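Please walk through this protein chain with the text below.

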Amino acid sequence: MWTIWLSLLLSTALAAVSGQALAGESRARQILDRFEHANQWRDHVMVAAHRAGSMQAGKTLYAENSLAAVEGSIAMGAEIVEVDIRRSKDGELVVMHDSWLDRTTTCKGEVVKYTLAELRTCRLVIEGTHAVTNETVSTLREMLMATRDRILINLDNKLDVGDLPGMIAVARDLGMADQVIVKENLWNQTRIATVKSAMAAIGGGFQFMPIIADDAVHDAGFAETVDHAFAPRAIELINWRAGAETLTETGGPLFSTRMRAAAVRGNWHIWADTYAIVNKPGGFLAGGRGDELAVQASLPREAWGFWADRGATIIQTDEPKAAIDWLAANGFRVPYAGTGERIEPAATASIN
């Protein structure tokens, strides 16, 4: 009897320790597992918050590319934040989308003409309300420190490919290079060779995501070539939309059955973009099926649902909270450990 009770106690203790270990695992580790194993998580759509998640709710919550926006995106459950990287006059890597400071800060002029000390005097502005915040321009290091072990971070390089090594070096110094996603546009074999050479020079340990757009690439077979060259964990696919075009009915040549099959064979995510671009037609990167359709027109299934139905397992959006809420309510999200809900990865991949 004593042996039986001892065995039960040991089993209970081990189960408790195992559960605590899973719950205590950094959320970034759990997100990274889903990012790196697309085929195990085809039933879950990850959400990437564009410009750190600042643009949601009519662009009135946070200043774009701000630490406050990152905190908000983490709190709401986004898996990835996307931020933009430039250099100051004295060579510091800083977080800023535009080459000019006028739209997003209290300062005027080009970013590259300000030293970091001078950029520290600029205050970030919330676009929708024009409210001035107490937050100033962040360095890349500060942004990475805010995300470390909490969320993946996609660095949109507004500089040259030659500046990527410096960005990865900062991440390596912080021990978080594997949480960093960098990306480059690919459109032919020459471009593949150029970017592959640049990635090889940087070395491994980080996430490289190719971008393929249907203005230059019309065949899903090109993605298979890209997969063989880079073995990425995600490929960003763009379905361009001109101003007079109607909503795409199929997602275009890149969101095809063949592309979904290629993603399964390569074990990589299809990444779709639904965020808005200033002075461009709604859904400019998403065949018209963007955030405006989801939120302003109240047709989320025709936007986020449309792309999820066509194989997208990562959606980059200006409306991360609304997207997460809708995706979760409609069966496109699987809870993470530590939420009190059970997690079961898909046993087999689906290309439906």
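**Cavities, pocket and strands**

The lining of the second largest cavity consists, by class, of four nonpolar, three polar and one charged residues. Here Ala, Val, Leu, Ile, Met, Phe, Trp, Tyr, Cys and Pro count as nonpolar, Asp, Glu, Lys and Arg as charged, and the others, Gly among them, as polar. The model is a predicted one, in which local features need pLDDT of at least 70 and side-chain atom pairs count only at pLDDT 80 or more, while totals for chains, interfaces and linings use all residues. Residues are numbered from 1 along each chain as its sequence is written, and side-chain values use heavy atoms, with hydrogens and water left out.

The residues around the second largest cavity are Glu64, Asn65, Val95, Met96, Thr104, Leu124, Val137 and Ser138. Its volume is about 40 Å³, and the structure holds two cavities of 30 Å³ or more. On a 1 Å grid over the protein atoms alone, a cavity is a set of points where a 1.4 Å probe fits but cannot get out, and a pocket is an open set with protein on both sides within 12 Å along at least five of seven lines; lining residues have an atom within 4 Å of a point. Grid points are joined across faces, edges and corners, and a volume is the space filled by probe spheres set on the points.

As for the chain overall, it has 13 helices and 11 strands. Helices (H or I, at least four residues) and strands (E, at least two) are DSSP runs, numbered from the N terminus. Of the 352 residues in the protein chain, 54% are buried; buried means under 20% relative accessible area, exposed over 50%, and partly exposed in between (1.4 Å probe, protein chains only). Among contacts between residues at least 6 apart in sequence, 68% join residues at least 24 apart, a contact being heavy atoms within 4.5 Å.

The largest pocket has a volume of about 470 Å³. It is lined by 25 residues, and those closest to its centre are Asp156, Asn185, Ile211, Ile238 and Tyr275. Two or more lining residues come from each of strand E2 (80-87), strand E6 (152-157), strand E7 (180-185), strand E8 (207-213) and strand E9 (234-238). E7 gives the largest share, three residues. By class, the lining of the largest pocket has 12 nonpolar, four polar and nine charged residues.

Ala213 stands opposite Ile238 in E9.

Leaving out residues up to four places away in sequence, Glu236 touches Lys183, Met209, Pro210, Ile211, Ile212, Trp271, Asp273 and Gln316.

E9 also pairs with E10, in the parallel sense and over four bridges. Ile235 has Ile270 as its bridge partner in E10. E9, helix H10 (residues 257-266) and E10 make another right-handed β-α-β unit. In the loop between H10 and E10 lies Asn267, which counts as partly exposed because its relative accessibility is 22%. Asn267 and Asn39 are 228 residues apart in sequence, yet 5.4 Å apart in space, C-alpha to C-alpha. Beyond its neighbours within four places in sequence, Asn267 is in contact with Glu36, His37, Ala38, Asn39, Arg42 and Arg233.

All five residues of strand E10 (residues 269-273) are buried, so E10 is largely enclosed by the rest of the structure. Both of its faces are covered, with His269, Trp271 and Asp273 on one side and Ile270 and Ala272 on the other. E10 pairs in the parallel sense with strand E11 (residues 312-317) over four bridges, and there Ala272 stands opposite Ile315.

Definitions and conventions:
Two strands pair if DSSP finds at least two bridges between them. A crossover is right-handed if, with the strands pointing away from the viewer, the path from the first strand over the helix to the second runs clockwise.
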